[in-house]
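I opened this entry to record what I looked up on strand pairing and on pockets. The notes follow the order in which I consulted the model.

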Amino acid sequence: MSTALLTDHYELTMVEAAMRAGTTWRRCVFELFPRRLPEGRRYGVVAGVGRMLEALEEFRFDPAEIAFLTDRGIVSPEMAEWLAGYRFSGSIHGYAEGDLYFPGSPLLTVEGSFAEACILETLLLSIYNHDSAIASAASRMVMLAEGRPIIEMGSRRTHEEAAVAAARAAWITGFGPTSNLAAGMRYGVPTSGTAAHSFTLLHDTEEQAFAAQLETYGDQTTLLVDTYDIEAAVRTGVRLTDGRLGAVRIDSGDLSIVARQVRDLLDDLGATQTRVIVTSDLDEWQIAALRGAPVDGFGVGTSLVTGSGAPTCSFVYKLVARAASDDPDAPLIPVAKKSSHKSTVGGRKYALRRLDPDGTATAEVVGVGHAPRADADDRDLIVPLVLDGATVGAEPLAVARSRHESAMKELPLSGRRISRGDQAIPTIMVHHGSDGSDAVLGGGLDL
């Protein structure tokens, strides 16, 4: 399916006008970056890189798309002809999927003609803003679960395609299986599921429902025990499995109190190995509040797929450099906005994460125009994703998951706090001077 019309109208009008002005093919550098983190967040997580690369491959203006644009007079015949042959032939560099980001991080650098790069704006932003918002929320939940598994189960609380992307993003950050089968088929995310209250209500008695589930899936299944009376349900489940029941799920009530009551009951009945799983509109704060409760795992839905209060990362896509002329070898000139509270820093960016000898991150260092100087402990953050139109950055999802785990280990202790606060490490922008030294740009980060 073509992704070409996942595009804002004004991207095409800009290209059309640039064609008439003779500036369409001028070499340009666009940058996708965050101005700031959501209020109170201390770090963000990069997600959507793999989905972006897939979408870029499908960014083709097929006859149906061309007909739509020409029939409505959106583009001229000349531009329609160019769109029909559109293939991105430029290069894209950026942060690898699963890594962390901070304000000012140059997450994507897109280099190509103005026309080629301009019309990718909405496609890139929509994927990155959504997936990174989900991953950033999911990462906090995983961190606060302190090793206990979390099942992703938010498909019924968002758009059907957003649900698939959300399950993918959550798995990158350390979530366990998802309830979403499409995410399993497309991306290999493990899937799981047992039963809802309707299954219990279908049967004449709760015991009949449990017996049917146990006969089908064995005694290691998870029984939902709060349809009627929780204590009675737990006793029934333990009796039917001779104490070998895999897990019980609680989906209502004061989870901390109920989980303790259920744990005590299970232990009294000899089902000491039966796990207690809790659901019911959980978010990272509720997970943190259950740290001391006898809970073995969580199921998270609504809060996860809505970014837990921050459904977008507010990433922007800005032109930061353009060639002085249409000459392919013309030098790049930094360009920047001066708008109040929306100004940008001109010039191509490079980035590294400054680490101390113990491997703890101390700063996000962004070089303007040149790569910042690194020492032996620092880690480069920019990787090639597309080179001269060819995708080079595709990777298995498990690699992004492993990368995120490693990046989280670099976070200082302050970055792991759930309380509202400043970003975990500062962003430092430096300019490589003519004398060979790195000068910190003044004025802070008014991006």
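I took two strands to pair if DSSP finds at least two bridges between them. Helices (H or I, at least four residues) and strands (E, at least two) are DSSP runs, numbered from the N terminus. The model is predicted, with pLDDT of at least 70 needed for local features and 80 or more for side-chain atom pairs, while totals for chains, interfaces and linings use all residues. Residues are numbered from 1 along each chain as its sequence is written, and side-chain values use heavy atoms, without hydrogens and water.

**Entry 1: strand β1**

I looked up the partners of β1. Strand β5 (residues 108-113) pairs with β1 in the antiparallel sense over six bridges, and L108 in β5 is the bridge partner of L32. Strand β11 (residues 315-323) also runs antiparallel to β1, over seven bridges; there, C28 has R322 as its bridge partner. I then checked burial (buried means under 20% relative accessible area, exposed over 50%, partly exposed in between, with a 1.4 Å probe and protein chains only). Of the eight residues of β1 (residues 27-34), seven are buried.

**Entry 2: the parallel sheet**

I traced an open sheet of five strands, in the order β6-β10-β9-β8-β7, with parallel pairing. The edges are β6 (150-152) and β7 (222-224); each has a single partner strand, so one side of each is left without a neighbour in the sheet. From one strand to the next the twist averages 25 degrees. Within this entry I also noted that β8 (residues 247-250) and β9 (residues 275-278) pair over four bridges in the parallel sense, with R275 in β9 as the bridge partner of A247.

**Entry 3: the largest pocket**

I used a 1 Å grid over the protein atoms alone, where a pocket is an open set of points at which a 1.4 Å probe fits, with protein on both sides within 12 Å along at least five of seven lines; lining residues have an atom within 4 Å of a point. A volume is the space filled by probe spheres set on the points, which are joined across faces, edges and corners. The largest pocket has a volume of about 840 Å³. It is lined by 33 residues, of which I151, M153, R249, T279 and G299 are the closest to its centre. Elements giving two or more residues to this lining are β6, β7, β9 and β10 (297-300), and β10 gives the most, four residues.

Technical notes:
Axes fitted to C-alpha atoms, helices over the stretch in contact; angles between N-to-C directions.
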